[in-house]
Amino acid sequence: MFPPRISYLAAIAVLCGSVAIGAEPTAKTAALDNWGQWRGPLATGEAPQGNPPLTWDEADGTNIRWKTEIPGRGLSTPVVWGDRVFLTTAIPFGEALPPKPSTAPGNHDNLSVTHRHKFVALAMERASGKILWQQTLREGLPQEQGHHTASLASNSPVTDGEHVFAFFGSFGLYCLDVKGKLIWKADFGAMQSLHGHGEGSSPALHGETLIINWDHEGKSFAVALNKRTGKERWRVERNEVTSWSSPIITLHDGKPQVIISGTSRIRGYDLDHGKVLWECGGLSSNIVASPVAGDGMVFAGSSYDKRALMGILLDGAKGDITGSKQIAWNRFRGTPYVPSPLLYDGSLYFLTHYQGILSRVDARTGEDTPGSFRLTGISNVYASPVAAAGRIYVTDLDGTTIVLSRGEIPRNLALNHLSEPVSASPAIAGKQMFLRGEKHLYCLEEK
């Protein structure tokens, strides 16, 4: 088994690089108390200092601290730092236009473009849900609207408590301060996603470096930028087609690696120079789930044209490790598609495809204990599972959240309901959980 809560010293070392140079040690480790990126401070789905409520109910207001309407539409996860919550959205405006269907090859279930949009970042007061500022960063007519389960603001923002990085893919990357002032912006051109299904990869931040994954049906690449200036540090081509997976950054032997899942390969890059350190084949096409890492291992999975999930040992990983002893274990059933895995207390939790069927395996060995089981009251799941205070939270598209106990045989602890659909992954900070519904952002806290 892993050490409890997965190598905190290494995790804190990663997080320490994500705050301002010269910050006090207490400020550096404050990242553990916040939710600065879409998979949390460890990029695993865990809130190590979190203790959100076990139960809530919108019908009678139980443990609903506040509920704020969000203009426009977006599926990005909120990020939380200190007394503020940051969010992105896309707001249609102007006269309705003749519907423009997607022209992407193989498009299906896509929404037609009918309006110009404003691409917006906003900040909310954490205590009350009041919108403190709302910054329109760009206006434009999308080339396509995307799949009906997607949005024009699906890429989650990132914050280090000093900056907010709002990413809209084809509509640009923007760095703001926490008061909403624009510091710099970058444009990478137009992205063409597979089947026109939209964009969704979120940035990753370590120290002074911001990482973007740009996998699409054109020329794919990964790029590293200076977080203060937006200047490119490096850019490397990727032999990849569309993916929606977000990069993660992990420390191994004291050095940070960028890890990105892709159809052809999952790869580990040197953060300083962009050199490929190792690569491994074996995943499916249509990569959506992001990898997770902890205690010297990386876990990556997919589920589209085939099922694949693997545990990769970083110690000794060099060059092409496909089929080598660096692959500690493989799994070919019940693997994740849309929701990313959760790594928590030495166990890997993941959903089958995007159904309400959960598996728990020993992260070190891949041993399946107790086996997959159906979650009572949960159906289709697009949000990634999260964990805190010995509990696992899984939210489905109907806005229902099941809470499970941590342990070899997870027990159902609660089933909670909101009144609107939820696709965005939850965020946890302190005693609060933030859930973004179709129209509102909810702050859940025990009263």
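1. A quick word on terms to begin: helices (H or I, at least four residues) and strands (E, at least two) are DSSP runs, numbered from the N terminus. This is a predicted model, in which local features need pLDDT of at least 70 and side-chain atom pairs count only at pLDDT 80 or more, while totals for chains, interfaces and linings use all residues. Residues are numbered from 1 along each chain as its sequence is written, and side-chain values use heavy atoms, with hydrogens and water left out.

2. Ala224 sits in strand β12 (residues 220–226) and is buried, at a relative accessible area of 0% (buried means under 20%, exposed over 50%, partly exposed in between, with a 1.4 Å probe and protein chains only). Beyond its neighbours within four places in sequence, Ala224 is in contact with Thr209, Leu210, Ile211, Lys231, Glu232, Arg233 and Trp234 (contact: heavy atoms within 4.5 Å). Leu271 lies 47 residues away from Ala224 in sequence, with 8.0 Å between their C-alpha atoms.

3. Do have a look at strand β19 (residues 297–303), where 7 of 7 residues are buried. Met297, Phe299, Gly301 and Ser303 point one way and Val298, Ala300 and Ser302 the other, all of them buried.

4. What flanks β19? Strand β18 (residues 292–294) pairs with β19 in the antiparallel sense over 3 bridges (two strands pair if DSSP finds at least two bridges between them). Strand β20 (residues 307–313) is also antiparallel to β19, over 7 bridges. Val298 of β19 stands opposite Ala293 and also opposite Ile312 in β20.

5. The hairpin from β19 to β20 runs through 3 residues.

6. Further along, 4 strands make an open antiparallel sheet in the order β23-β24-β25-β26. β23 (342–344) and β26 (373–374) are at the edges with a single partner strand each, so one side of each has no neighbour in the sheet. Inside this sheet, β24 (residues 347–351) and β25 (residues 357–362) pair over 5 bridges, and Tyr349 has Arg360 in β25 as its bridge partner.

7. Finally, the largest pocket is lined by 35 residues, with Thr149, Trp244, Val288, Val338 and Tyr382 nearest its centre. On a 1 Å grid over the protein atoms alone, a pocket is an open set of points where a 1.4 Å probe fits, with protein on both sides within 12 Å along at least five of seven lines, and lining residues have an atom within 4 Å of a point.
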